[in-house]
Amino acid sequence: MSAVTPIAFVSQGDAASVAAWLQCLRAAMPEEEILAFGDLDETRRAQCRVAIVANPDPAQLKLLPQLQWVHSVWAGVERLVADLDQSGLQITRLVDPRLAATMAEAVLAWTLYLHRDMPYYARQQQARQWQPLDYVLPEQRRVGILGLGALGEAAAAALRQARFPVTGWSRSARSIPGMQTCSGMEGLAQMLAQTDILVCLLPLTTQTRGLLDAARLALLPPDAQLINFARGPIIDDAALHQALDAGQLRHAVLDVFATEPLPADAWPWSHPAVTVLPHCSAPTDSGTASSIVAANIRHYRKTGEILANVDLKRGY
Ligand code: NAP
């Protein structure tokens with residue numbers, strides 16, 4: 001049984017978002033004392049072993065001398081991994097079936113957007129043109145998913161349900177009934193050459209940064225399309241711009257960017273072959289996320305075991 005000490009909520013979010021998170025977290029674990037970092041005096045700070053975080057300022061985490069465990073309410077933790085690399089802290093990221101279902105819905109929606117040529121018909125309407133394209137069956141549209149984790153696997157299931165043939169790429173070899181899987185750089189090259197719609201759901205790590213460079217984008221068949229719902233820097237921005245300008249890639253749906261919000265003068269805003277989304281494909285549900293954090297913290301209080309799921313060496 002782990003001694004009950006206050007839990008810090010550390011976030012760079014605005015006051016309203018901090019208040020909303022505190023309300024959800026306190027409702028999910030009324031037995032805990034959860035305090036915003038700014039409300040902890042020095043004595044309380046010295047007692048905190050657990051911090052729940054949403055984009056925290058790493059300097060604030062350093063002011064919690066007994067801290068052992070950082071539990072994020074977000075799924076993507078590349079900034080935490082970079083900031084806490086040498087800290088010895090244990091890190092848990094959000095793995096939430098609700099988040100996976102939301103992402104799977106987004107992947108299906110935007111795959112259908114590309115599959116049914118909606119960007120093309122939107123341009124036609126603007127030009128008052130009446131020119132239907134040949135219909136393509138979903139069975140003939142090959143979807144490749146980069147990353148077969150909590151989100152990639154759920155997205156793959158939704159796509160298969162909609163009759164798309166799906167291939168997925170992961171770091172370790174995976175076997176998932178009903179779809180092809182591959183790993184390694186050779187597997188990636190083979191998959192790219194047979195992908196009509198590529199969906200990126202990888203974490204941003206030192207291995208995945210810039211993974212989709214000019215050479216790899218060139219492996220995609222002519223007219224391939226791209227959906228990036230993971231992190232902007234996984235795709236080489238200049239190479240993507242070039243591939244779209246050249247018509248080598250037909251369209252890209254981009255939800256994530258190296259700088260967010262996307263600066264007003266950034267090229268994707270006005271590119272005819274790009275759909276810009278404001279990092280909205282799968283927002284955390286604060287209710288289900290709080291329940292998951294609460295269950296993990298109750299487990300820790302009962303057993304002393306920290307259910308860490310981020311490997312700092314692996315980077316995700
Ligand atoms: P996850 O469960 O950790 O899965 C990551 C997948 O990527 C795993 O299959 C992993 O392989 C694979 N992978 C990692 N590094 C690789 C590499 N170097 N080569 C090949 N495969 C590699 O992560 P998740 O929960 O699915 O989330 C994925 C990402 O989605 C998050 O990191 C976050 O950035 C992003 N995200 C975006 C939004 C949004 O709204 N746009 C919302 C939530 C999350 P193994 O299976 O072998 O481990």
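Start with the cysteines: across the whole structure there are 0 disulfides, a disulfide being a pair of cysteine sulfur atoms within 2.5 Å. Before you click on, note that this is a predicted model, in which local features need pLDDT of at least 70 and side-chain atom pairs count only at pLDDT 80 or more, while totals for chains, interfaces and linings use all residues. Residues are numbered from 1 along each chain as its sequence is written, and side-chain values use heavy atoms, with hydrogens and water left out.

**Stop 1: two cysteines**

Select C24 and C48. The closest cysteine sulfur to that of C24 is in C48, 20 Å away, which is too far for a bond. C24 is partly exposed, because its relative accessibility is 24%; buried means under 20% relative accessible area, exposed over 50%, and partly exposed in between (1.4 Å probe, protein chains only).

Now move to C182. C182 is in no disulfide either, with the nearest cysteine sulfur, in C200, 14 Å away. C182 is buried, at a relative accessible area of 16%.

**Stop 2: the ligand**

The shell holds 29 residues, and R93, L148, L151, S172 and Y316 are the closest; a residue is near the ligand if one of its heavy atoms lies within 4 Å of it. By class, 14 of the shell residues are nonpolar, 10 polar and 5 charged. Here Ala, Val, Leu, Ile, Met, Phe, Trp, Tyr, Cys and Pro count as nonpolar, Asp, Glu, Lys and Arg as charged, and the others, Gly among them, as polar.

Next, colour by domain: domain 1 (7–96 + 284–303) and domain 2 (98–276) each give the shell at least three residues, with bounds from an automatic or database domain assignment.

Which helix gives the most to the shell? Select α7, which supplies 3 residues.

Zoom in on the ligand's oxygen atoms. One lies 2.5 Å from an N or O atom in the side chain of S172. At L151, a backbone N or O atom is 2.9 Å from a ligand oxygen, and at A282 a polar backbone atom is 3.1 Å from one. The protein covers 92% of the 940 Å² of accessible area that the ligand has on its own.

**Stop 3: D41**

Finish at D41, in the loop between β2 (34–36) and α2 (42–47). A polar atom of the D41 side chain lies 2.8 Å from the backbone nitrogen of R44, and the backbone nitrogen of T43 is 3.2 Å from a polar atom of that side chain. D41 is partly exposed, at 43% relative accessibility.

Note on methods:
A polar contact is a pair of N or O atoms within 3.5 Å; within protein, one must be able to donate a hydrogen and the other to accept it, and residues adjacent in sequence count only if both atoms are side-chain atoms. Accessible areas come from the Shrake-Rupley method with a 1.4 Å probe; for residues, only the protein chains shown count as cover. Helices (H or I, at least four residues) and strands (E, at least two) are DSSP runs, numbered from the N terminus.
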